[in-house]
Amino acid sequence: MSWKLVLALALVARPAPVIAQSGNGTTRLTGRVPAAALPAIDSIIATAAAESLPTEPLVQKALEGSAKNIPADRLVNGVRRGLLQLRQARAILTRAVPGQSPPEGHVVAVAAALARGLSGPIVERLLTVAPNEPPGPALHAAADLVAHHFDPDSAADLLVEAHNKGLRGVRLLDVAVAADHELQRPGGRTPSEALAHVRAMLPNVRPGRP
Amino acid sequence: MVNDGAPDMEVVAQVLGGDGEAFGILIRRYEPGLLRFATRMLGNPDAAADAVAESLVRAYRHLAQCRDPGRLRSWLYRITGNRCRSHLARRHTNDISLSDAPPLADGSDTWAVLERSEQVALVERALAALPAEKREAFVLKHVEGMSYEEMATVTGARIPTLKMRVHRAREALLAALEEVVR
Amino acid sequence: MSPIDPRLQEALDGERDPGDLPADLREAHARLIAATQMLKATPPVSVAWRVMAEIRENPGRVQSDGPARRLIRWLGRPRAFTVRLRPVWTLALAAGLVTVLLLPWSNGGPTPGVAQGIASFVGHFPGARSVEVVGSFNDWSRGTLHLNDDNGDGIWHAKAVLPAGQHEYMFVVDGERWVPDPLAGRYVDDGFGAGQQNSLLIVRPVSSQP
């Protein structure tokens with residue numbers, strides 16, 4: 001493996017999307033996005049900027065669709081869908097933590113959770129547990145559990161309990177991993193049994209891999 | 001030495017006593033139902049065969065942990081259900097690919113005149129469109145013929161939850177079937 | 001989807017005689033029962049030989065391995081795959097295998113900052129001429145993160161320093177086949193309307209590692 005390539009990647013690696021807000025990002029799209037789609041996408045990104053929503057996720061979505069050669073109409077719809085998710089995310093955050101303007105990073109994280117299929121009520125519930133902490137890890141942990149067919153409310157219960165027992169940030173991802181491991185144990189544990197086993201372990205869930 | 005007709009408890013005892021070949025009796029006994037269940041869950045016979053094979057090997061390896069050999073069937077279905085969920089999670093969707101399914105029949109046809117194969121394809125398509133939990137509940141209830149009590153043992157869900165899933169699955173399937181008749 | 005008449009539900013649950021139902025509900029009952037009968041066909045396959053072969057080959061109890069050791073054993077075992085041709089964005093070959101690990105940086109490469117982590121991409125693509133990773137961390141640009149198969153065994157790998165947080169990505173095999181990571185463990189709909197999924201990676205900051 002060429003360390004030069006890795007170093008080059010590290011040097012050009014973008015900051016987390018919440019940070020990169022260079023105007024409306026459309027200069028990055030020129031030459032990448034099909035000309036037919038560029039005006040509509042530019043308009044969507046401008047709308048997001050005017051509404052003080054993060055624009056980087058929309059720029060990324062446009063770049064992704066272009067790289068995948070998505071037809072122009074579906075490309076535009078994909079970016080538009082991203083805008084709708086950002087709006088919905090901010091609405092949820094405003095309800096969950098009233099009186100504060102939600103940080104852009106939190107909006108991006110909630111939008112990502114919605115894109116993974118988490119319901120608004122579950123997201124809102126998890127947000128209210130730790131309103132001033134970055135919500136990404138808890139929401140991804142919940143989405144992981146739901147993706148593995150754990151009941152959403154039970155998943156949220158477990159994560160709330162884990163948080164109450166001192167687990168924060170990426171450690172909540174470990175809780176989801178532990179639950180899936182318990183589910184896969186020989187003898188065929190039910191989801192409820194798996195969650196109960198993890199609950200009994202808290203806070204001593206094995207740290208490590210995502 | 002047990003014969004093919006021996007009760008599950010006797011066969012399990014024989015296997016745990018060191019006669020691994022006796023496990024073949026259990027495979028022959030439960031494989032058809034497990035394959036049917038997995039095929040309906042995953043929508044793909046190859047994936048279903050993999051899931052069932054993995055489940056049976058796992059069951060053999062951990063047969064001593066089957067707490068009640070008299071309820072072996074529930075235990076095997078629970079393991080297979082978990083494997084199917086893992087396969088679905090790895091496939092990163094709860095939906096079944098329908099790329100190999102034949103196209104839907106023209107809506108002007110009536111149910112009675114559709115060819116048998118088209119009818120089967122319609123039903124399979126309607127089943128595949130259900131969310132995984134509802135699909136599983138419907139298959140266990142109506143295809144595998146389980147009681148709600150046994151379904152609760154297999155899935156770990158409460159009986160009222162299972163009834164709700166089955167009821168919703170029936171509604172979705174009937175709605176899909178009635179679209180053809182209109 | 002309309003709710004079914006409770007009498008029909010009762011009949012289907014065996015709590016009411018279907019003969020007691022009015023004509024329209026009896027017809028619906030018959031239609032649903034007919035449909036379930038079609039689903040009762042047993043697939044004309046058997047896995048008995050595979051299972052018994054595995055049992056005879058490894059008659060002893062299998063040790064419980066961690067995911068990494070299972071991965072290593074999986075990689076070392078010859079396997080046959082059924083190949084189905086699929087649309088380009090879906091799994092083209094069943095042989096894709098990826099684990100994202102956070103590994104100690106042991107041989108003098110770039111040191112990640114406190115808000116960065118190390119991602120290791122590994123894929124099993126026998127016969128491939130090239131494999132690269134394309135994702136949100138490189139603006140979905142081709143040609144910036146290539147995997148290497150130094151010894152020609154079909155196992156491709158690369159490491160990268162990435163910002164901590166969420167990243168979406170796919171593999172591009174031989175410059176044309178876009179393949180989601182089948183072992184990423186997390187996926188998200190790409191939002192372009194065709195039900196295709198991106199792999200989702202959550203990079204943990206090195207500072208969070210034990």
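This is a predicted model: local features need pLDDT of at least 70, side-chain atom pairs count only at pLDDT 80 or more; totals for chains, interfaces and linings use all residues.
## Confidence in chain A

The mean pLDDT of chain A is 85, and 85% of the residues reach a score of at least 70. Within chain A, the lowest confidence falls in helix 1 (residues 3–12), with a mean of 47, whereas helix 4 (residues 56–67) has the highest, at 96.

## Architecture of chains B and C

Chain B contains 8 helices and 0 strands, and its pattern along the sequence is α-α-α-α-α-α-α-α. Of its 182 residues, 47% count as buried. Among contacts in chain B with a separation of 6 or more, 63% involve residues 24 or more positions apart.

Chain C has 4 helices and 7 strands. Read from the N terminus, the order of elements in chain C is α-α-α-α-β-β-β-β-β-β-β. Buried residues make up 35% of the 210 residues of chain C. Where contacts in chain C link residues at least 6 apart in sequence, 58% of them join residues at least 24 apart.

## A strand pair in chain C

Strand 1 of chain C spans residues 116–124 and is mostly covered, with 7 of its 9 residues buried. Its pairing with strand 3 (residues 155–163) of chain C is antiparallel and extends over 9 bridges. Within this pairing, Gln116(C) has Pro163(C) of strand 3 as its bridge partner.

## Contact between chains B and C

Chain C contributes 35 residues to its contact with chain B, and chain B contributes 39 residues. On the side of chain C that touches chain B, helix 1 (6–12), helix 2 (23–38) and helix 3 (48–57) of chain C each supply at least two residues. By class, this side of chain C comprises 22 nonpolar, 7 polar and 6 charged residues.

## Nonpolar cores

In soluble globular proteins, nonpolar side chains tend to be buried together. In this model, the largest nonpolar core holds 97 residues. The members that touch the most other members are Ile41(A), Val110(A), Leu139(A), Ala142(A), Leu159(A), Val175(A) and Ala179(A). Leaving aside residues up to four places away in sequence, Val110(A) touches Ala89(A), Ile92(A), Leu93(A), Val123(A), Pro135(A) and Leu139(A). Another core, of 60 residues, lies apart from the largest one and includes Leu34(B), Ala38(B), Leu42(B) and Leu63(B).

## Helix 11 of chain A

Helix 11 (residues 191–201) of chain A has Pro191(A), Ala194(A), Leu195(A) and Val198(A) among its residues, and these four are buried. Viewed down the axis of helix 11, the buried residues fall within an arc of 95 degrees and therefore line one face of the helix. These buried residues pack against helix 9 (152–164) and helix 10 (171–183) of chain A.

The segment after helix 11 of chain A contains Pro203(A). The peptide bond that leads from Leu202(A) to Pro203(A) is cis, with omega near 0 degrees.

Ser52(A) is placed in the loop between helix 3 (38–50) and helix 4 of chain A, while Asn69(A) is in the loop between helix 4 and helix 5 of chain A. Ser52(A) counts as exposed because it has 11 C-beta neighbours inside 10 Å. Asn69(A) is likewise exposed, with 11 other C-beta atoms within 10 Å.

Leu84(A) belongs to helix 5 (residues 72–96) of chain A. Because 12 other C-beta atoms lie within 10 Å, Leu84(A) is exposed. The C-alpha atom of Leu84(A) is separated by 9.0 Å from that of Ala111(A), a residue 27 residues apart from Leu84(A) along the chain.

Note on methods. Residues are numbered from 1 along each chain as its sequence is written. Chains are lettered from A and ligands numbered from 1 in the order in which they are written. Two residues are in contact if their C-beta atoms, placed from the backbone, lie within 7 Å. Ala, Val, Leu, Ile, Met, Phe, Trp, Tyr, Cys and Pro count as nonpolar, Asp, Glu, Lys and Arg as charged, and the others, Gly among them, as polar. pLDDT is the predictor's confidence in each residue, from 0 to 100. A nonpolar core is a set of buried Ala, Val, Leu, Ile, Met, Phe, Trp, Tyr and Cys residues joined through C-beta atoms within 7 Å. A residue is buried if 20 or more other C-beta atoms lie within 10 Å of its own, exposed if 12 or fewer, and partly exposed in between; C-beta atoms are placed from the backbone. Two strands pair if DSSP finds at least two bridges between them. The arc is that of the directions from the helix axis to the C-beta atoms.
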